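Trainee: I'd like to learn how to read strands and aromatic contacts in a model like this one. Can you walk me through it?

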Amino acid sequence: MKKILFISALSMAVACKVQKNKPISEANVEDYANTITSSELKEHLYTFASDEFQGRDTGKPGQKKAANYLKKEYISMQIPSPLGEDDYFQDIPSSFFNNQFNDSENVVAYIKGSEFPDEIVVISAHYDHVGVDGQGNIYNGADDDGSGTVSVLEIAEAFQEAVKDGYRPRRSILFLHVTGEEKGLLGSKYYTQNPIFPLENTVTDLNTDMIGRIDPKHEDNPNYIYLIGSDKLSTELHELSEEVNKKYTNFDLDYTYNDENDPNRFYYRSDHYNFAKHNIPVIFYFNGTHADYHKPTDTPDKIEYDLMTRRAQLIFYTAWEVANRDNRLLVDKAK
């Protein structure tokens, strides 16, 4: 009996040793960024922005299909829910929408940090769109925001591949797919009013809303991405973002829409803003509008998949640096 117990204890010790996290500094982050591929993004998006999902209108059957698609993918990647078991849905009752829309849900998945598990890096995108019009035209929303949604899936997979190799992020990461953005940022509003993790422990929100296309301004130079909000609350976040881009992706970072006087007011028009209102530093990644914006012609065949892949990799690199730096981002411009 003693011998059996000894062998069991030895086996457990070996197993624990194998599962022990490796120093994150030893990881080659580019190996994991390169798991974000145009082929996988394309495969996801041709399903997610297909007619089957009926424009993913909040509370409608197509949005429910989209939510279940995301849940299935996270289960397949073995990324757990912060809600426990197989519950990946943060339910939002119709009453929150003043009964104007049916019950809906945010979709959440979570990788627990190794050293600062109570500090949360949020990577967000809205997965709803505007549905079907009175003439039966389906608004597939491939760029808005199918592109952001499937990019978050691929970013999550990249982090999970690192975890499988023993490189767990030092801070926790919440992958947050919000509903109701097109109805007035309602899903992110619900999350910030009913947070799964305390907002005071939320380090940043990196929000991805439309990163698959090229706007008219950049047709001759598509090596760009608009960044909005990066410097509004945290100088450190802005500087980190710039350094990461210079080191890994070398985009032209366009801050046109970050101007307080910009008439489009995009800073206030996507889900990051509900975090910024609570003095949580944010970056909004955006390709700008185009002729198919909010039209039935926003379809997956028009996405620039190689460009979208590099943009998703930039977001992954930024999240990696925020999650693994020694100190939490400093909020030096709180409002």
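Trainee: Let's start with Tyr268: which accessibility class does Tyr268 count as?
Mentor: This is a predicted model, by the way. Tyr268 has a relative accessibility of 26%, so it counts as partly exposed, since buried means under 20% and exposed over 50%. Tyr267, at 8%, counts as buried.

Trainee: What sits over the ring of Tyr268?
Mentor: The charged end of Arg265, placed 4.2 Å from the ring centre. There's another case of this kind: Arg310 lies over the face of Phe251, also with 4.2 Å to the centre of the ring.

Trainee: And how do I describe two rings together?
Mentor: You give the distance of the centres and the angle of the planes. Here the count comes to 28 aromatic pairs. Take Phe96 and Tyr190: their ring centres are 4.9 Å apart and the planes make 85 degrees, so you'd call the pair edge-to-face, as the angle is over 60.

Trainee: Where do Phe96 and Tyr190 lie?
Mentor: Phe96 is in the loop between strand E1 (89-92) and strand E2 (104-111), while Tyr190 belongs to helix H6 (residues 186-193), so this pair ties together parts 94 residues apart in sequence. Phe96 is partly exposed, with 22% relative accessible area, whereas Tyr190 counts as buried at 14%. Tyr267 and Tyr268 also form an edge-to-face pair, with 5.1 Å from centre to centre and 75 degrees between the planes.

Trainee: Which residues do ring pairs link into a cluster?
Mentor: Tyr32, Tyr74, Phe159, Tyr167, Phe175, Tyr248, Phe316, Tyr317 and Trp320.

Trainee: Now strands. How should I read the side chains along one?
Mentor: In a regular strand they alternate between the two faces of the sheet. In E8, Val282, Phe284 and Phe286 are on one side, Ile283 and Tyr285 on the other, and all of them are buried, so both faces are covered.

Trainee: Why is E8 described as largely enclosed by the rest of the structure?
Mentor: Because 5 of the 5 residues in this strand (residues 282-286) are buried.

Trainee: Which strands pair with E8, and in what sense?
Mentor: Strand E5 (residues 202-208) pairs with E8 in the parallel sense, over 4 bridges. On that pairing, Asp205 stands opposite Val282. Strand E6 (residues 224-228) pairs with E8 in the antiparallel sense, over 3 bridges, and Tyr226 has Phe286 as its bridge partner.

Note on methods:
Residues numbered from 1 in each chain as written. Predicted model: local features only at pLDDT ≥ 70, side-chain atom pairs only at ≥ 80, totals over all residues. Heavy atoms only, no water. Buried < 20%, exposed > 50% of the residue type's maximum accessible area, 1.4 Å probe, protein only. Helix = DSSP H or I, 4+ residues; strand = E, 2+ residues; numbered from the N terminus. Pairing = 2+ DSSP bridges. Phe/Tyr/Trp six-rings, centres within 6.5 Å; stacked < 30°, edge-to-face > 60°. Lys NZ or Arg CZ within 6 Å of the ring centre and 35° of its normal.
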